[in-house]
Amino acid sequence: MRALTDEEMKTVLDKLANYMSDLKSLIAPLDDGDRYVFRLNHSRVYYVKLSIANLATSISRDALLSLGTCLGKLTKTGKFRLHITALPVLAQGARHKIWIKENGAQPFLYGSNVVKAHVGRWSEDCPEHQGCVVYSMADIPLGFGVTARSTTEARRLDPTGVVCFRQADCGEYLRDEDTLFAG
């Protein structure tokens, strides 16, 4: 496990900036003097308290399976891909949100995109191709995606028009349980 290089950190923060409004809150000092940091282990990026990351340095890289919250994976081409395990972190500071009705929750959790007919409400002034967190009407985060249209364009769509392209949803815990946490 090691700290991210400047280039890796920029890639991760750029991806998170698509979904979150305040990145400084991710690494701001906590009340107890500790803070959260990003660490890399087996091409996966973890979000963990610094005190725990320092304790984990005594464990060999091969023996360490996971640490903190896995945000995603750095690909061999240098891109960063968010995993569903990053949802709690993204939901805390989500800039744009979409709430889907009960009849749209199941198709979304089965891997479908969000269509206009399933949207209960959405954040105002959401631009096209911007990251958003998808919630149920009970304010439970279900996943995240990228908006297909801006809010004003989406209002004029027909009911079967795609509003949000799914990136990840909570259903992946069951669908991909064999490969989600595999190296």
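**Figure 1. The hairpin of S4 and S5.** Strands S4 and S5 make a hairpin, with 5 residues lying between them. Within the turn, Gly78 has a positive phi of about 90 degrees. The model shown in this and the following views is predicted. S5 covers residues 80–82 and runs antiparallel to S4, to which 3 bridges join it. In this pairing Lys73 stands opposite Arg81 of S5.

**Figure 2. The pairing of S3 with S4.** Strand S3 spans residues 44–49 and strand S4 spans residues 69–74. The two run antiparallel, joined by 4 bridges. Val45 has Gly72 in S4 as its bridge partner. S4 is also the strand that forms the hairpin with S5. In general, strands of a sheet pair through backbone hydrogen bonds, in either the parallel or the antiparallel sense.

**Figure 3. The open sheet of 6 strands.** The strand order in this sheet is S7-S11-S10-S9-S6-S8, and the pairing is mixed. Strand S7 (114–115) and strand S8 (119–122) stand at the edges. Each of these has a single partner strand, so one side of each is left without a neighbour in the sheet.

Figure 4. Strand S6 is made up of residues 97–100. S6 pairs with S8 in the antiparallel sense, over 3 bridges. Trp99 stands opposite Arg121, a residue of S8.

**Figure 5. The two domains of the chain.** Domain 1 takes in residues 2–90, and domain 2 takes in residues 94–174. Their C-alpha centres lie 26 Å apart. Where the domains are in contact, domain 1 contributes 11 residues and domain 2 contributes 18 residues.

**Figure 6. The interface of domain 1 and domain 2.** About 1100 Å² of area is buried between the two domains. Carbon and sulfur atoms give 62% of this area. On the side of domain 1, the residues that lose the most area to domain 2 are Tyr19, Ile84 and Leu87. Together these three account for 59% of what that side buries.

Figure 7. How many salt bridges cross the interface of domain 1 and domain 2? The count is 0 salt bridges. Polar contact, in turn, is found for 6 residue pairs across this interface. The side of domain 1 that touches domain 2 has 7 nonpolar residues, 4 polar residues and no charged residues.

How values were computed
Residues numbered from 1 in each chain as written. Predicted model: local features only at pLDDT ≥ 70, side-chain atom pairs only at ≥ 80, totals over all residues. Heavy atoms only, no water. Domains from an automatic or database assignment. Contact = heavy atoms within 4.5 Å. Buried area = accessible area lost by both parts, 1.4 Å probe. Salt bridge = Lys/Arg side-chain N within 4 Å of Asp/Glu carboxyl O. Polar contact = N/O pair within 3.5 Å; in protein donor to acceptor, adjacent residues only side chain to side chain. Nonpolar A, V, L, I, M, F, W, Y, C, P; charged D, E, K, R; others polar. Pairing = 2+ DSSP bridges.
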